Amino acid sequence: AYLDRIAQAVNGYAADYRCHIVLIGMEKLDAAACRDLSAQLHHPHSTFLSRDYNAFALTALLRNLSMLISSRYHAVVLSLKHRLPVVAVSMDERLDNLMRELELEQGYLYHVEDTHLSRALSEALDRAEQNRAAIAAQIDRQMQYYYATVTDMAVFLKGYLLENLQCTNGM
């Protein structure tokens, strides 16, 4: 049912904005969902599956999109560098957490079981289209925080490992 709702929203977006739709199967198990979604699309589209393309090619593709609607955590993470407007359809706590950490959960995070998913996604896609610059700025702000946090974590881990390796080697 959630694929039907996504198809309705994506078909409406493609009609309004005259875009080419790209389906990306990030994992092997996404192939069937991509096939089923493809059958419901009424506008030009292409499908790229992980069985046919390596991670570098899929990442390059993600980073060259103009908009992303995804239920895959890694697709959103890999698109962040290029500050794409993103609408998440979550079935995964990691995606919920990521959108909250990006402070994009209000208006851009939905769940597969939402009863009005099609309408909500249509509105979110329009909102994302109108707020591209604000979304990019929000992603920039949060990515600066992430880079600082990751750097701090790396310094801590290095110190921890050095301290524990010295204790182990000294025994």
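1. Let me start in the sheet: valine 22 sits opposite serine 46 of β2. The two strands involved, β1 (residues 21-25) and β2 (residues 45-49), pair in the parallel sense over 5 bridges; pairing here takes at least two DSSP bridges between the strands. From β1 the chain goes through helix α2 (residues 30-40) to β2, a right-handed β-α-β crossover. By right-handed I mean that, with the strands pointing away from the viewer, the path from the first strand over the helix to the second runs clockwise.

2. Before going on, some ground rules. This is a predicted model, so local features need pLDDT of at least 70 and side-chain atom pairs count only at pLDDT 80 or more, while totals for chains, interfaces and linings use all residues. Residues are numbered from 1 along each chain as its sequence is written, and side-chain values use heavy atoms, with hydrogens and water left out.

3. The overall layout: 8 helices and 5 strands, in the order α-β-α-β-α-β-α-β-α-α-β-α-α along the sequence. These are DSSP runs numbered from the N terminus (helices H or I with at least four residues, strands E with at least two). The C-alpha trace spans about 70 × 35 × 30 Å along its principal axes. Of the 171 residues, 39% count as buried (buried is under 20% relative accessible area, exposed over 50%, partly exposed in between, with a 1.4 Å probe and protein chains only).

4. On burial of the strands: in β1, 4 of the 5 residues are buried, and in β4 (86-90) the count is 5 of 5. Both faces of β4 are covered, with Val86, Ala88 and Ser90 buried on one side and Val87 and Val89 on the other. In general, side chains of a regular strand alternate between the two faces of the sheet.

5. β4 also has two parallel partners to look at. With strand β3 (residues 68-70) it pairs over 3 bridges, and serine 70 has alanine 88 as its bridge partner.

6. Arginine 18, in the loop between α1 and β1, has a positive phi near 45° and is exposed at 78% relative accessible area. Arginine 83, in the loop between α4 (73-79) and β4, has a positive phi near 55° and is partly exposed at 37%.

7. Aromatics next: the whole structure has 3 aromatic pairs. One of them, tyrosine 13 with tyrosine 17, is tilted, at 4.6 Å centre to centre and 35° between the planes. Rings of Phe, Tyr and Trp (its six-membered ring) pair if their centres lie within 6.5 Å; planes under 30 degrees apart are stacked, over 60 edge-to-face, and the rest tilted. Both tyrosines lie in helix α1 (residues 2-17), 4 residues apart, about one turn. Tyrosine 13 is buried at 10%, whereas tyrosine 17 is partly exposed at 29%.

8. Finally, tyrosine 160 in helix α8 (residues 132-170) is partly exposed, with a relative accessible area of 46%.
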